[in-house]
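Keep the 3D view open as you read.

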Amino acid sequence: MKKSYSQWNVLQERLSNQKDSLLDFLFTSKYRYIEIKLPYYEYLRGQVFCQDFMDLFDEAPYTFSVVDLMSILFEDFLNQIKKGNTQYESMARFLVDNKYKYLESPKKETRVLKQVNTNLFSFETTEEVMSVKEEDSRKAYLTVKIRDKVLLRGEIFLHDLSPFLHKEQLQIEELFAILYLDFIAKVKEKGNNVDVMKAILNRIT
């Protein structure tokens, strides 16, 4: 196994480390820091959501941030995995589709007629990365503190998922971004959901 499932690649680290057992690792309280890259507008939209959340609930911590929101979304996602509430094939499709939707530069396909020989022509499809407006290309870089055992659980999930990804690859940092951006897309589409906000409040109080 040589795939890297995060910038730390803790799964490979643990598999190659013979000094400590896996159980020793799972019950330590070590933390690591990962960097998440987001489109800047989506980061700002998350800030507004966090401010709305703090304004609506007096019990909400006044320091609640986009990083806190991302961490909750990620850990809730892992909890659903632990409960067996996901089908890996559909989950792989969801994550890959949203990786291209949210994280990849938009591409335009063009078909060009090319001559194969004197009497034969064929169409060849090419992809061209479309230019992005400067305000859309600006990025926010956020540092997330994550427990080792949570990071390891996430990497194990991605390793289990890899047969369903075919040739695609995903890392924890991308998974964080996809879950967050999908959440913000729903907020932008439907507005704030008080029940969702209450669920977040229950997670942190």
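Helix α3 covers residues 40-56, 17 residues in total, and spans 25 Å from its first C-alpha to its last, close to the 24 Å expected at 1.5 Å a residue. That expected span is 1.5 Å times one less than the number of residues, and helices (H or I, at least four residues) and strands (E, at least two) are DSSP runs numbered from the N terminus. This is a predicted model, in which local features need pLDDT of at least 70 and side-chain atom pairs count only at pLDDT 80 or more, while totals for chains, interfaces and linings use all residues. Residues are numbered from 1 along each chain as its sequence is written, and side-chain values use heavy atoms, with hydrogens and water left out.

Which residues of α3 are buried? They are Glu 42, Tyr 43, Arg 45, Gly 46, Phe 49, Cys 50, Phe 53 and Met 54, where buried means under 20% relative accessible area, exposed over 50% and partly exposed in between (1.4 Å probe, protein chains only). Their cover includes β1 (31-39), α4 (66-82), β4 (139-147), α8 (172-190) and α9 (194-204).

Now for the rings. The whole structure holds eight aromatic pairs; rings of Phe, Tyr and Trp (its six-membered ring) pair if their centres lie within 6.5 Å, with planes under 30 degrees apart counted as stacked, over 60 as edge-to-face and the rest as tilted. Phe 49 and Phe 183 have ring centres 5.2 Å apart and planes at 85°, so this pair is edge-to-face. Because Phe 49 lies in helix α3 and Phe 183 in helix α8, the pair ties together parts that are 134 residues apart in sequence. Both partners are buried, Phe 49 at 1% relative accessibility and Phe 183 at 13%. The rings of Phe 53 and Phe 57 have centres 5.7 Å apart and planes at 50°, so they form a tilted pair. Phe 53 is buried at 0%, and Phe 57 is buried at 11%.

Of its 20 lining residues, the closest to the centre are Leu 73, Asp 182, Phe 183, Lys 186 and Val 196. Helix α8 gives the most to this lining, with six residues. A pocket here is an open set of points on a 1 Å grid over the protein atoms alone, where a 1.4 Å probe fits, with protein on both sides within 12 Å along at least five of seven lines; lining residues have an atom within 4 Å of a point.

Note on methods. Contact means heavy atoms within 4.5 Å.
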